[in-house]
Amino acid sequence: MSDAFYLGYDDSMPPSLARFLGRVVFGLAFVAVVVVVAVAASQSPAEPGDYGFGVETPFEGVLMEEPIPLLQVGSGAGSITNYVLVGSGKFGLPAFALGHGGKRVHFNGSLIHKGDQQMIELNDEKSFSVVSDQREQRTGVLGMETSLSGELVDTKCYFGVMRPGAGKVHRGCAARCLHGGVPPGLLLRDTAGRSVVVLLSGTDGKKLDFDTEWAARWVKATGRLSVRENLPILEVERLELTEGP
Amino acid sequence: MSNHYRAIDWNRQKRRYDLVLAAIVLGGAAVFLGVSAWVSPESTAETLILRTTSITSFFLLHVVLAIGPLARLDGRFLPLLYNRRHLGVTLFLLALVHGFLAVFQFHALGDENPLVSLFTAYGRDYAVLQNGRFQIAHFPFEPFGVFALVCLFLLAALSHDFWLRQLGSGLWKSFHLLVYPAYLALVAHVALGILQTERSPVLPLLLGLGFVTIASLHLLAAGQESKRLRASKLLASDGFIEVGTTDGLVEGRARVVIVGSKRLALVRHLDRIYATSNRCRHQGGPLGEGQIVYGCLTCPWHGWNYQPNDGCSPPPFEEIIPTYRVRLEGTKIWVHPVALPLRTSTEGPLVPGANLSTGTTSKL
Ligand code: FES
């Protein structure tokens with residue numbers, strides 16, 4: 001033990017002790033900075049995405065309820081953009097929008113998007129109105145039979161509400177969202193780290209019936225893959241839990 | 001001689017301690033945010049807050065755990081121990097922000113009570129044996145965080161001296177051992193959480209390094225202590241036990257010795273040798289590592305004082321520690337292992353041929 005005896009209730013400490021502690025504190029601060037920089041630098045970058053939280057935008061288009069809730073908005077030039085529809089919080093299409101499949105509707109909502117994968121959060125019940133009761137039908141596209149493996153994600157978080165919105169840390173949230181009706185997606189990544197989400201639907205134009213606890217786990221989906229304008233959709237015939245890549 | 005025993009209040013050293021603490025926490029958080037904004041500009045604010053609070057809190061926990069053994073290995077670290085509870089409370093508050101935000105962000109606004117969802121969102125993966133295969137990587141990490149947060153809360157809430165008095169120092173001390181299960185739970189929380197998402201080797205490396213540092217400091221301190229406290233074997237027919245010699249026991253200084261099954265403090269004051277209990281009445285600090293300050297044996301941890309001749313704190317304080325009979329034969333010190341009745345005043349034996357005041361720093 002050193003000669004310098006420390007008394008915490010004194011206003012000062014022996015100078016030799018103060019010097020020693022000064023060095024200790026300096027060393028500690030140095031270690032803290034090194035650790036913090038190393039941890040921060042080791043993070044894999046979150047993917048871009050956007051969530052217009054609190055920003056209400058008017059939308060009008062044809063509402064599709066099944067197999068995946070969509071709003072189809074045609075542009076003047078004849079092209080169509082599909083917006084996936086979800087509710088606020090961790091919920092899928094809200095009750096006020098149910099039963100209007102095929103009708104032209106108008107509402108205000110918040111835009112969520114990752115690149116051209118677009119989604120609208122319907123969070124303003126009062127603004128929701130049916131423009132035309134006439135139901136429009138869309139003929140299904142016959143897709144190509146394929147098998148895809150990737151992480152099962154909830155599309156709302158992944159499209160931009162949470163960044164990052166995938167992986168184990170986010171798993172509880174993904175399970176909660178899928179359980180609440182947010183459409184499931186299969187996250188595929190290529191070796192260059194680029195990613196795309198394929199929306200998962202059931203067969204025969206129905207919602208996919210699956211185990212929501214598989215959220216954020218690696219799954220293999222087999223079915224028919226088709227592309228609806230801006231959205232790839234897999235009509236799943238078989239979904240299996242697998243181990244990672 | 002003035003009565004130097006006063007209540008602990010906010011003084012300059014304490015303010016300094018807190019300033020340094022705040023600077024390290026805020027500085028660390030700022031650096032983390034800065035680098036994160038550069039490495040991952042698309043991260044949401046929630047993600048950044050969750051990560052900043054977790055890294056700062058977990059780092060502080062390592063510091064808290066390192067201070068104890070460091071102070072045992074080298075007394076110069078003792079001042080860091082002195083206000084360690086400030087570190088504990090700070091790291092709890094950071095962890096609380098982390099926990100609260102995580103529960104809200106990941107589990108609220110859904111179709112289940114967030115506090116239930118926290119434990120059940122993917123509850124089937126609690127089964128470590130699935131389809132005949134052992135799996136641990138998918139095991140929920142959230143309950144470990146909850147457990148640690150509850151421990152840290154209890155530690156922070158009960159860190160005040162009020163609870164120390166209510167519980168008694170023994171119970172209070174052993175209660176604070178909760179910090180170890182909390183730490184282990186956090187290791188599991190990190191290993192089963194972010195380590196399963198991030199693929200960089202930096203995180204597992206740092207986690208392992210932290211664990212090895214904490215564990216080896218504790219082992220070193222325990223080893224050094226057991227070496228220092230070699231049990232004495234010599235026993236006289238009248239029950240006195242030889243505990244060493246006066247050599248090296250400088251005026252104003254103390255030493256920890258083992259007498260029978262007890263640890264006692266031997267102290268030399270005005271060239272007389274006294275033996276008292278080694279356990280400070282405050283938090284059980286090692287009085288044998290203390291010194292004489294203003295005529296009192298002073299605890300190295302928080303400075304409580306005891307008169308070496310009768311074990312009483314100077315008035316108006318009322319703490320008393322047991323004292324023991326001491327005998328000198330030449331330079332050999334013998335101590336009787338049975339404590340004297342409390343408040344018994346003894347006149348410790350005079351060190352033969354001593355010339356007074358060899359102590360350097362003791363304030364006589
Ligand atoms: S343990 Fe706190 S003063 Fe002794």
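## Domains and chains in contact

Domain 1 of chain A and domain 2 of chain A bury about 2,300 Å² between them, 62% of it on carbon and sulfur atoms. Buried area here is the accessible area (1.4 Å probe) that two parts lose on being put together, summed over both. The size of an interface is often given in this way, as the accessible area lost when the parts come together.

A word on the ground rules: this is a predicted model, in which local features need pLDDT of at least 70 and side-chain atom pairs count only at pLDDT 80 or more, while totals for chains, interfaces and linings use all residues. Residues are numbered from 1 along each chain as its sequence is written, chains are lettered from A and ligands numbered from 1 in the order in which they are written, and side-chain values use heavy atoms, with hydrogens and water left out.

### Inside chain A

The domain assignment of chain A places domain 1 at 50–132 and domain 2 at 144–241; such bounds come from an automatic or database domain assignment. Between the C-alpha centres of these two domains of chain A there are 19 Å. In all, 28 residues of domain 1 of chain A are in contact with 28 residues of domain 2 of chain A, where contact means heavy atoms within 4.5 Å.

Which side chains form the salt bridge here? Glu121(A) and Lys156(A) meet in a salt bridge at 2.7 Å, N to O. The term stands for a side-chain nitrogen of Lys or Arg within 4 Å of a carboxyl oxygen of Asp or Glu. Eleven residue pairs in polar contact also cross the interface of domain 1 of chain A and domain 2 of chain A, both residues at pLDDT 80 or more. A polar contact is a pair of N or O atoms within 3.5 Å; within protein, one must be able to donate a hydrogen and the other to accept it, and residues adjacent in sequence count only if both atoms are side-chain atoms.

On the side of domain 1 of chain A that touches domain 2 of chain A, β1 (50–51), β3 (70–74), β4 (80–87), β5 (104–114) and β6 (117–122) of chain A each supply at least two residues. β4(A) has the largest share of that side, with seven residues. Helices (H or I, at least four residues) and strands (E, at least two) are DSSP runs, numbered from the N terminus. By class, this side of domain 1 of chain A has twelve nonpolar, ten polar and six charged residues. Ala, Val, Leu, Ile, Met, Phe, Trp, Tyr, Cys and Pro count as nonpolar, Asp, Glu, Lys and Arg as charged, and the others, Gly among them, as polar.

Strand β8 (residues 144–154) of chain A runs antiparallel to strand β11 (residues 218–228) of chain A, and eight bridges join them. Two strands pair if DSSP finds at least two bridges between them. Met144(A) stands opposite Leu225(A) in β11(A). With strand β9 (residues 184–189) of chain A, β8(A) pairs in the antiparallel sense over four bridges, and there Asp154(A) has Pro184(A) as its bridge partner.

### Chain A meets chain B

How many residues does each chain bring to the contact? Chain A gives 60 residues and chain B 76 residues. Between them, chain A and chain B bury about 6,100 Å², 60% of it on carbon and sulfur atoms. Six salt bridges are counted between the chains. In one salt bridge, Asp125(B) joins Arg217(A), with the closest N and O atoms 3.2 Å apart.

α1 (15–42) and α3 (171–179) of chain A are the elements that give two or more residues to the side of chain A that touches chain B. α1(A) gives the most, with 17 residues. The residues of that side of chain A divide into 34 nonpolar, 13 polar and 13 charged.

### Inside chain B

In chain B, the assignment gives domain 1 (2–228) and domain 2 (240–339), with C-alpha centres 36 Å apart. Their contact takes 19 residues from domain 1 of chain B and 21 residues from domain 2 of chain B. Glu289(B) and Arg72(B) form a salt bridge across 3.6 Å, N to O.

| Parts | Area buried | Share on carbon and sulfur atoms |
|---|---|---|
| Domain 1 and domain 2 of chain A | about 2,300 Å² | 62% |
| Chain A and chain B | about 6,100 Å² | 60% |
| Domain 1 and domain 2 of chain B | about 1,700 Å² | 53% |
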